[in-house]
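The sequence and the structure are shown first, and the discussion follows.

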Amino acid sequence: MENWTVHRVRPQDAGRMRALRLEMLADSPLAFLETLAQAAARPHESYRQRIRESSQGFGTAQFVADPGGPLIGHAGGTTLPEEPGCTIIYAVYLTPAHRGGKVLGQLIEAVADWSAAAGRDELMLEVVCGNDRAVRAYQKLGFIDTGVRLPHPTVPVMSELQMRRRV
């Protein structure tokens, strides 16, 4: 039974979002640009400001899976000046107990709906090469491996693969 809702972050989500961010970094350190130590050292006001910025408008947005207690999932969307018709999906995370179910699809569709409302018709994301479970999950959601490989932003010996789909 689904006992969560997916919604865009709100200012009152800052504390729970900070807790989820720390969990994300502890659980999957290679998937994110920030380290757990960096995130833990960041003042709470920094989290509140980022949530305020992501709670409205079409430049950047964050969506969460919210069961009413601790958050169980997150996906963000943003733009790049060099690709104005594309939304870059970032910081996708599901708590271990909710992987393999419907939460991922609901978060991605929330980003896709926001992207379409902004007039952007393409989604792009990057996955660490070797994370086959994530690749398969994104393929089920319609993403296609573009063949583009990029250096991992923080671990130079690793690479990421790029995936895209239409909204």
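In what follows, Ala, Val, Leu, Ile, Met, Phe, Trp, Tyr, Cys and Pro count as nonpolar, Asp, Glu, Lys and Arg count as charged, and the others, Gly among them, count as polar. The model discussed here is a predicted one.

With that classification, the lining of the largest pocket divides into 27 nonpolar, nine polar and 10 charged residues. The pocket has a volume of about 1,400 Å³, and of the 46 residues that line it, A31, F32, A91, V92 and Y138 lie nearest its centre. Helices and strands both contribute to this lining: α1 (14–27), α3 (44–54), α4 (103–117) and α5 (132–140) are among the elements that each supply at least two residues, as are β3 (73–80), β4 (83–94), β5 (122–128) and β6 (144–151). The largest share, seven residues, comes from β4.

Strand β4 also belongs to an open sheet of seven strands, arranged in the order β1-β2-β3-β4-β5-β7-β6 with mixed pairing. At the edges stand β1 (5–8) and β6, each of which has a single partner strand, so one side of each is left without a neighbour in the sheet. From one strand to the next, the twist averages 25 degrees.

Within this sheet, β3 pairs in the antiparallel sense with β4 over six bridges, and six bridges likewise join β3 to the antiparallel strand β2 (residues 60–66). The hairpin of β3 and β4 has two residues between its strands, whereas that of β2 and β3 has six residues between the strands, and there G68 takes a positive phi near 105 degrees. Residues that stand opposite each other in these pairings include the following.

| Residue | Stands opposite |
|---|---|
| F63 | A75 in β3 |
| T78 | I88 in β4 |
| L80 | E83 in β4 |

As a general point, side chains in a regular strand alternate between the two faces of the sheet.

How many disulfides does a search of the whole structure find? The search finds zero. A disulfide requires a pair of cysteine sulfur atoms within 2.5 Å, and the sulfur of C86 is 18 Å from the closest cysteine sulfur, that of C129, which is too far for a bond.

Methods. Residues numbered from 1 in each chain as written. Predicted model: local features only at pLDDT ≥ 70, side-chain atom pairs only at ≥ 80, totals over all residues. Heavy atoms only, no water. 1 Å grid on protein atoms, 1.4 Å probe; cavity = no way out; pocket = protein on both sides within 12 Å on 5 of 7 lines; lining within 4 Å. Points joined across faces, edges and corners; volume = space filled by probe spheres on them. Helix = DSSP H or I, 4+ residues; strand = E, 2+ residues; numbered from the N terminus. Pairing = 2+ DSSP bridges. Axes fitted to C-alpha atoms, helices over the stretch in contact; angles between N-to-C directions.
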